[in-house]
Amino acid sequence: MNRLTDENGGLKQGPLMILDKISDHVFEAFKKLSQYENTGLDPEEVEQLALVYKRVKEAFGDTITVNEIVDAVWDELKERDMAMEVEDIHLDEYYCPACGAENSCNQRCVEDNFCPVCGQRLKVKNEGIEW
Ligand SMILES: [Zn+2]
(Lines give C-alpha, C1' and ligand atoms only; values in the text may rest on other atoms or scores of the structure.)
Protein backbone atom coordinates (compact mmCIF):
# COMPACT_ATOMS: atom_id res chain seq x y z
CA MET A 1 0.00 0.00 0.00
CA ASN A 2 1.15 3.43 -0.81
CA ARG A 3 0.35 5.58 2.23
CA LEU A 4 -1.04 9.04 1.84
CA THR A 5 -0.48 9.89 5.51
CA ASP A 6 2.26 9.34 8.05
CA GLU A 7 1.73 7.67 11.42
CA ASN A 8 0.65 10.95 13.02
CA GLY A 9 -2.00 11.76 10.47
CA GLY A 10 0.14 14.20 8.46
CA LEU A 11 0.01 14.07 4.70
CA LYS A 12 2.95 12.18 3.25
CA GLN A 13 3.34 12.35 -0.50
CA GLY A 14 4.19 14.83 -3.23
CA PRO A 15 1.62 17.56 -3.71
CA LEU A 16 -0.27 16.38 -0.65
CA MET A 17 2.84 16.91 1.47
CA ILE A 18 2.98 20.48 0.16
CA LEU A 19 -0.64 20.91 1.24
CA ASP A 20 0.34 19.63 4.68
CA LYS A 21 3.12 22.25 4.89
CA ILE A 22 0.73 24.94 3.69
CA SER A 23 -1.82 23.92 6.28
CA ASP A 24 0.90 24.25 8.97
CA HIS A 25 1.59 27.79 7.77
CA VAL A 26 -2.11 28.60 7.57
CA PHE A 27 -2.61 27.24 11.09
CA GLU A 28 0.30 29.37 12.38
CA ALA A 29 -1.13 32.43 10.58
CA PHE A 30 -4.54 31.92 12.18
CA LYS A 31 -2.89 31.41 15.56
CA LYS A 32 -1.06 34.75 15.21
CA LEU A 33 -4.22 36.45 13.92
CA SER A 34 -6.09 35.13 16.95
CA GLN A 35 -3.41 36.49 19.31
CA TYR A 36 -3.68 39.89 17.61
CA GLU A 37 -7.50 39.86 17.74
CA ASN A 38 -7.35 38.97 21.44
CA THR A 39 -5.80 42.43 22.03
CA GLY A 40 -9.06 44.04 20.92
CA LEU A 41 -7.06 46.71 19.12
CA ASP A 42 -7.34 48.00 15.56
CA PRO A 43 -4.23 47.93 13.34
CA GLU A 44 -3.86 51.72 13.73
CA GLU A 45 -3.84 51.37 17.52
CA VAL A 46 -1.24 48.62 17.34
CA GLU A 47 0.90 50.84 15.11
CA GLN A 48 0.64 53.68 17.65
CA LEU A 49 1.63 51.34 20.48
CA ALA A 50 4.52 50.06 18.40
CA LEU A 51 5.78 53.64 18.00
CA VAL A 52 5.49 54.22 21.76
CA TYR A 53 7.31 50.96 22.42
CA LYS A 54 10.08 51.92 19.97
CA ARG A 55 10.49 55.39 21.53
CA VAL A 56 10.62 53.91 25.06
CA LYS A 57 13.26 51.41 23.96
CA GLU A 58 15.30 54.15 22.27
CA ALA A 59 15.11 56.39 25.34
CA PHE A 60 15.52 53.83 28.11
CA GLY A 61 16.79 50.62 26.54
CA ASP A 62 16.03 47.72 28.83
CA THR A 63 16.30 49.74 32.06
CA ILE A 64 12.54 50.21 32.27
CA THR A 65 9.58 48.44 30.75
CA VAL A 66 6.68 50.05 28.92
CA ASN A 67 4.38 48.83 31.71
CA GLU A 68 6.51 50.59 34.34
CA ILE A 69 6.25 53.82 32.35
CA VAL A 70 2.49 53.44 31.95
CA ASP A 71 2.17 52.84 35.72
CA ALA A 72 4.26 55.93 36.49
CA VAL A 73 2.28 58.13 34.09
CA TRP A 74 -0.99 56.72 35.44
CA ASP A 75 0.03 57.50 39.03
CA GLU A 76 1.02 61.03 38.03
CA LEU A 77 -2.26 61.60 36.19
CA LYS A 78 -4.28 60.27 39.15
CA GLU A 79 -2.43 62.58 41.53
CA ARG A 80 -2.84 65.54 39.19
CA ASP A 81 -6.57 64.85 38.93
CA MET A 82 -7.05 65.08 42.70
CA ALA A 83 -8.08 68.68 43.25
CA MET A 84 -5.68 70.82 45.25
CA GLU A 85 -7.04 73.84 47.01
CA VAL A 86 -5.80 77.23 45.82
CA GLU A 87 -5.01 79.29 48.86
CA ASP A 88 -2.64 81.92 47.53
CA ILE A 89 -5.10 84.18 45.70
CA HIS A 90 -4.44 87.85 45.04
CA LEU A 91 -6.31 90.53 43.14
CA ASP A 92 -5.15 89.62 39.61
CA GLU A 93 -3.19 86.44 40.12
CA TYR A 94 -3.13 83.23 42.05
CA TYR A 95 -0.39 80.65 42.59
CA CYS A 96 -0.83 77.04 41.65
CA PRO A 97 -0.50 74.85 44.77
CA ALA A 98 1.23 72.14 42.72
CA CYS A 99 3.79 73.94 40.55
CA GLY A 100 3.77 77.47 41.99
CA ALA A 101 3.00 79.09 38.64
CA GLU A 102 1.56 82.57 38.76
CA ASN A 103 -1.75 82.45 36.88
CA SER A 104 -4.28 85.15 36.18
CA CYS A 105 -7.54 85.64 37.99
CA ASN A 106 -10.12 88.37 38.04
CA GLN A 107 -10.73 90.31 41.24
CA ARG A 108 -9.72 87.32 43.40
CA CYS A 109 -12.03 85.10 41.36
CA VAL A 110 -10.22 82.05 39.99
CA GLU A 111 -12.06 80.67 36.98
CA ASP A 112 -9.58 77.94 36.10
CA ASN A 113 -10.54 74.39 36.98
CA PHE A 114 -7.02 73.28 36.04
CA CYS A 115 -3.66 75.01 36.27
CA PRO A 116 -2.86 76.30 32.76
CA VAL A 117 0.81 75.46 33.32
CA CYS A 118 0.90 71.98 34.88
CA GLY A 119 -2.70 70.76 34.45
CA GLN A 120 -3.28 70.22 38.19
CA ARG A 121 -7.01 70.08 39.01
CA LEU A 122 -7.80 73.04 41.23
CA LYS A 123 -10.32 73.52 43.99
CA VAL A 124 -11.14 77.14 44.61
CA LYS A 125 -13.22 78.74 47.28
CA ASN A 126 -14.03 81.91 45.37
CA GLU A 127 -15.04 84.79 47.47
CA GLY A 128 -14.34 87.55 44.95
CA ILE A 129 -14.63 91.16 45.95
CA GLU A 130 -17.92 92.62 47.02
CA TRP A 131 -18.54 95.98 45.40
ZN1 LIG B 1 0.42 74.29 38.21
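Predicted model: local features only at pLDDT ≥ 70, side-chain atom pairs only at ≥ 80, totals over all residues.

Reply: Residues are numbered from 1 along each chain as its sequence is written.

Me: Which elements does the protein chain have, and in what order do they run?

Reply: Helices (H or I, at least four residues) and strands (E, at least two) are DSSP runs, numbered from the N terminus. The protein chain has 3 helices and 4 strands, in the order α-α-α-β-β-β-β from the N terminus on.

Me: What radius of gyration does the protein chain have?

Reply: The radius is taken over C-alpha atoms, and the globule rule is 2.2 Å times the number of residues to the power 0.38. For 131 residues a compact globule would come near 14 Å, but the protein chain has 30 Å. Its C-alpha trace spans about 105 × 30 × 20 Å along the principal axes.

Me: How many of the 18 residues of α2 are buried?

Reply: A residue is buried if 20 or more other C-beta atoms, placed from the backbone, lie within 10 Å of its own, exposed if 12 or fewer, and partly exposed in between. In α2 the count of buried residues is 0; over the protein chain, 5% of the 131 residues are buried.

Me: What span should helix α2 have?

Reply: The expected span is 1.5 Å times one less than the number of residues. Helix α2 (residues 43-60) should therefore span 26 Å, and its end C-alpha atoms, 25 Å apart, agree with that. Gly61 follows α2 and has a positive phi, near 60°.
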